[in-house]
Amino acid sequence: MPKVDGVFRMRSQGTASSGMQDQYADGKAAKLWQLYIGDQKDRTEKYRNFLISLLKRKGVKTVLDAACGTGVDSVMLVEEGFKVVSSDASDKMLKDCYKTRWMRRKEHMFDEWVIEEANWLTLDQQVPVPAGGYDALIVMGNSFAHLPDDHGDQRDQRKCIENFSKLVKPGGIFVIDHRNYDYILENGHAPKKNIYYNSSHIKDIKTSILYINQQPNLITLDYFMAVEDEEYGTDDTHFRLSYYPHTVREFSSLLRSAFGHKSKHTVYADFKSMAEEPEPSFYIHVIEKSL
């Protein structure tokens, strides 16, 4: 099966990290992503209580943030006193993590913060693993959907989730989210609300859906940002990111397959119960790994 990147250009041009396509490789998307996120403190507050209370309630001490990006969530976790290891496949995104760690190196928890370039296909070989595994592993911000289904059978997705499962200790928790792709596939665009991002720079987001053999294989979002940008010579700055459209049902099946049916699986809709929020912008899956 041909790679979709050769049929439908899915990212800004750049050099990909080994083993996984890096959609932030040219540096442009990594830079503009910070503008898209908007005010980080406000963004973090939207789910700080959910995530931090969940981790503390479960007695979590060690956390692997396996999709840390520029480090927004990792910084929040370090500030809350967790022992954090952060990884990402994009060296361009990690630059902000390294910068933050250096700027705050005199703070003990930041001096202890471990940052690694790693991809999910070989994650267990690229990050340090505490004895028995991590108390918690998180993959937030719709990050997992960046992994395309090049083979048409989700073998790479399955392998990555199996790697996540290996790194979580028995009784530990795994938290992962994705956009409401069910809504996008039905309506042709993402829900207008967004629980994560509040940027005033967002001008427009255009949605494209690629079907292969009548099955949705790729959703591409073209982000148009209204910013003053001397580097790119225009006030209208555009970048493109693409995602595999995970539906709630099939993604839940993938998780159960990797973590086992004895593990507890709960799905939240914009951090509320499914009944409270019928049309969320994001779904959040929480797995409590069986003992």
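Rings of Phe, Tyr and Trp, the last by its six-membered ring, pair if their centres lie within 6.5 Å. By this rule, the count in this predicted model comes to ten aromatic pairs. One of them joins F144 and F251: the ring centres are 5.9 Å apart and the planes stand at 55°, so the pair is tilted. This pair links distant parts of the chain, 107 residues apart.

**Aromatic residues**
- F144 sits in the loop between β4 (134–139) and α7 (155–167).
- F251 belongs to helix α9 (residues 248–259).
- F144 counts as buried, because its relative accessibility is 1%.
- F251 is buried too, with a relative accessible area of 0%.
- Ring pairs join F144 and F251 with W120, F164, F174 and F259 in a cluster.

**A charge over a ring**
- R105 lies over the face of W102.
- The distance from R105 to the ring centre of W102 is 3.6 Å.

**Surroundings of D88**
- D88 is in strand β2, which covers residues 83–88.
- Relative accessibility of D88 is 13%, so this residue counts as buried.
- The D88 side chain reaches two backbone nitrogens: that of G69 at 2.8 Å and that of S90 at 2.9 Å.
- Beyond its neighbours within four places in sequence, D88 is in contact with A67, C68, G69, M93, L94, E116, E117 and A118.
- D88 and T70 are 18 residues apart in sequence. Their C-alpha atoms are 8.9 Å apart in space.

Note on methods:
Residues numbered from 1 in each chain as written. Predicted model: local features only at pLDDT ≥ 70, side-chain atom pairs only at ≥ 80, totals over all residues. Heavy atoms only, no water. Helix = DSSP H or I, 4+ residues; strand = E, 2+ residues; numbered from the N terminus. Buried < 20%, exposed > 50% of the residue type's maximum accessible area, 1.4 Å probe, protein only. Contact = heavy atoms within 4.5 Å. Polar contact = N/O pair within 3.5 Å; in protein donor to acceptor, adjacent residues only side chain to side chain. Phe/Tyr/Trp six-rings, centres within 6.5 Å; stacked < 30°, edge-to-face > 60°. Lys NZ or Arg CZ within 6 Å of the ring centre and 35° of its normal.
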